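Dear colleague,

I am handing over the structure below, and I would be glad if you kept it open while reading the notes that follow it.

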Amino acid sequence: LVLALAMLVPTVALADGVSIDGDLRLRWEYAGAGDASANNTDAVINFGVTGNVSDNVSVTASLRHAMAFDLDGDGLDNDGTLNIQEVYASIGDLGAASGVLAGWSLDVGRMELPDYGRVIHSDDWFTGLAPFNGDGYHASSAMGGIDIDIYHYGGGSDPAGDSDAVTGFHFGFGDMSGMADLALGYWSGNPSATTGGESTSITSIYANNIGGDALAGIDLDFEYGTSDDGGAGDSGSLTVISFGYQMEGVGLHASNSVADENWFNVVGIEKHGTYGITDLFNANNDIEATTIGANFQPMGGIDATVNFITLSEDSTGDDYGTELDLIIGWDCGDDVRMDIGYGSFSPDGAGDDVDYVYLQTG
């Protein structure tokens, strides 16, 4: 990585349109349950280069190195893992090649997956996994006020293959007469979340900022998805309703999500933080979660968030337990941020309480 940086310094100085960027995340965390406890420290470095080939064509490349300092053997060792995160070319306007394609842009190569709610995402949280990426293309256009995105991905970090190819369509309709920002999505293929080789499909509906200005500062969002594994069984469903209201100095928020036992998403795992910061529940189905919380500034330059979460099994209604999270963060200058988090999970019934603490800078 140091050699790559050294080689690029004269390139940045001499070549017009070439830029570099990157970020570093250092994190220490502790988890304790009953008499058992563990702590570890990890680091994630992202390094990217973007260059303009012409006024209409650019190239983007990025590397990601993840390392857990205190793991070895079957886990990550001190050498860490280095991934080619993205390498793709972008054409700003295909109209230069054909007038029929005017207004369309195209990205081709290896790219991080897009982020559309709970259906598909590119979470870069887990040290042992690179953010989900794929080899393929992304075409986009705005036609008649509708944002159109078309995706096709193959095998990600492995050579692309038809067995796990996924094709997606996303249509953003924007603000519909002040009532809501609406969008539709459709994904088809064989997502890694399923088995048996059947062709799968996922359909999603998004309605954000419902009511617009008529709700006097209330932010109401809705997400609904259905998933079909191609078999004879029932389709899965996901419903998410979230609410937010910002007052002077204090914000209130609440949400409820229900992912039934047949639901699956494209990537096969939920985002970090979906069911609390302790990540005891990273499955993506048969879970109902209700969150209420607040965000505020206890003093100048410091922001805090507190969440109370109840978790249960959707198919039976049995309670898993509750989690209380407190996160405090502050900016140390323009480029560095510090965060401290504490999570406490209390099971309903058998099992130990879990305490979780982390300290992070980036």
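Before anything else, please note how the elements are named: helices (H or I, at least four residues) and strands (E, at least two) are DSSP runs, numbered from the N terminus. This is a predicted model, in which local features need pLDDT of at least 70 and side-chain atom pairs count only at pLDDT 80 or more, while totals for chains, interfaces and linings use all residues. Residues are numbered from 1 along each chain as its sequence is written, and side-chain values use heavy atoms, with hydrogens and water left out.

**The whole protein**

The protein has 18 strands and one helix. Of its 362 residues, 37% are buried, where buried means under 20% relative accessible area, exposed means over 50%, and partly exposed lies in between (1.4 Å probe, protein chains only). Among the contacts with a separation of 6 or more, 48% are between residues 24 or more positions apart, a contact being heavy atoms within 4.5 Å.

**The largest pocket**

A pocket is found on a 1 Å grid over the protein atoms alone, as an open set of points where a 1.4 Å probe fits, with protein on both sides within 12 Å along at least five of seven lines, and its lining residues have an atom within 4 Å of a point. The largest pocket has a volume of about 800 Å³, a volume being the space filled by probe spheres set on the points, which are joined across faces, edges and corners. Its lining has 34 residues, of which V240, S242, S255, G273 and T274 lie nearest the centre of the pocket. Which strand gives the most to this lining? It is β13, with five residues, and the strands that each supply at least two residues include β10 (200-208), β12 (236-246) and β14 (287-299). By class, the lining has 16 polar, 10 nonpolar and eight charged residues; here Ala, Val, Leu, Ile, Met, Phe, Trp, Tyr, Cys and Pro count as nonpolar, Asp, Glu, Lys and Arg as charged, and the others, Gly among them, as polar.

**The largest nonpolar core**

A nonpolar core is a set of buried Ala, Val, Leu, Ile, Met, Phe, Trp, Tyr and Cys residues joined through side-chain atoms within 4.5 Å. The largest one has 30 residues, and those with the most contacts inside it are V119, I120, W187, I202, V266, Y275 and L311. At least two residues of this core come from each of β7 (146-153), β9 (181-189), β10, β12, β14 and β15. Leaving aside neighbours within four places in sequence, L311 is in contact with several residues, including Y275, F281, I287 and F345.

T60 lies in strand β3 (residues 57-68) and counts as buried because its relative accessibility is 15%. Not counting residues up to four places away in sequence, T60 touches V49, T50, E86, V87 and Y88; T60 and Y88 are 28 residues apart in sequence, yet 5.5 Å apart in space, C-alpha to C-alpha. A31, in strand β1 (residues 18-33), is partly exposed because its relative accessible area is 32%. Although A31 and Y358 are 327 residues apart in sequence, their C-alpha atoms are 8.8 Å apart in space. M338 is found in strand β17 (residues 337-347), and its C-alpha atom is separated by 4.5 Å from that of T361, 23 residues apart along the chain.

Most residues other than glycine have a negative phi. N209, in the loop between β10 and β11, has a positive phi near 55°, and N209 counts as partly exposed because its relative accessibility is 32%. D279 is not a glycine either, and has a positive phi of about 55°; D279 is found in the loop between β13 and β14. F264 also has its place in the loop between β13 and β14, and F264 counts as buried because its relative accessibility is 7%.

With best wishes
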